[in-house]
Amino acid sequence: MQKNDNALRAEIDAAAEVLRKGGLILYPTDTVWGIGCDATNEEAVARIYALKRSQNKKSMLVLCASADMTVRYVDRAPRIAFEVQELATSPLTLILPGAAGVAANLIPEEGTLGVRIPDHAFCQGLLRRFGRPVVSTSANISGQPAPARLPEIAREIVDGVDYVVDPRFEGRPTGKPSSIIAFTEEGGVDIIRS
């Protein structure tokens, strides 16, 4: 077990260093493989849009380590959103009002931010080590299926990132995108994808 822990730590350190330098990573999550970058770095975010051949801000969400990290980047989220997050038994993305402190090109006109707290050892380790939210968008060209495993990812995507996380840290992903629930400041709820 110790050897695995050291390998995971080394992988997290390597990926966090790439993020710090403004690079893109290809990494496993609790759902599907994702393309990630520092969510506060506008140039890195722009590189992901170019790689995916998409400018759809709604296709980009951020991963946060905890509710505490989330509230640093959304300043008008209703309390009910966090209660729903805690009760979720499968991966859930919250669309929250009041995006703040992330790259401007991540924020759609409505001023919202999609946020997910992953139940995944590599992602949690990376988020804690990096200390900021990490962009997560499926590792595919826009309009193509979301890849559940590394071999399903198009060569163009693999070649377009600066670091590919070792697939042995994949864990047990669900293989499908998360559910999505949007919240208004007043606590209104809209189920976007179940």
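I began with helix 2 (residues 42-52), where I found Ala44, Val45, Ile48, Tyr49, Leu51 and Lys52 buried, buried meaning under 20% relative accessible area and exposed over 50%, with a 1.4 Å probe and protein chains only. Seen down the axis of helix 2, these buried residues fall within an arc of 165°, so they line one face of the helix; the arc is that of the directions from the helix axis to the C-beta atoms. I took helices (H or I, at least four residues) and strands (E, at least two) as DSSP runs, numbered from the N terminus.

The model is a predicted one, in which local features need pLDDT of at least 70, side-chain atom pairs count only at pLDDT 80 or more, and totals for chains, interfaces and linings use all residues. Residues are numbered from 1 along each chain as its sequence is written, and side-chain values use heavy atoms, with hydrogens and water left out.

Next I looked at the surroundings of helix 2: its buried residues pack against strand 2 (34-36), strand 6 (134-138) and helix 6 (155-160), contact meaning heavy atoms within 4.5 Å. On the face turned away from the buried side I noted the exposed residues Glu43 and Ala50.

I then checked both ends of helix 2. At its start, a side-chain oxygen of Asn41 reaches to within 3.0 Å of the backbone nitrogen of Glu43, while just after the helix Arg53 takes a positive phi of about 60°.

Last, I turned to helix 5 (residues 121-130), whose buried residues are Phe122, Cys123, Gln124, Leu126, Leu127 and Phe130. Just after helix 5, I found Gly131 with a positive phi of about 80°.

Technical notes
Polar contact = N/O pair within 3.5 Å; in protein donor to acceptor, adjacent residues only side chain to side chain.
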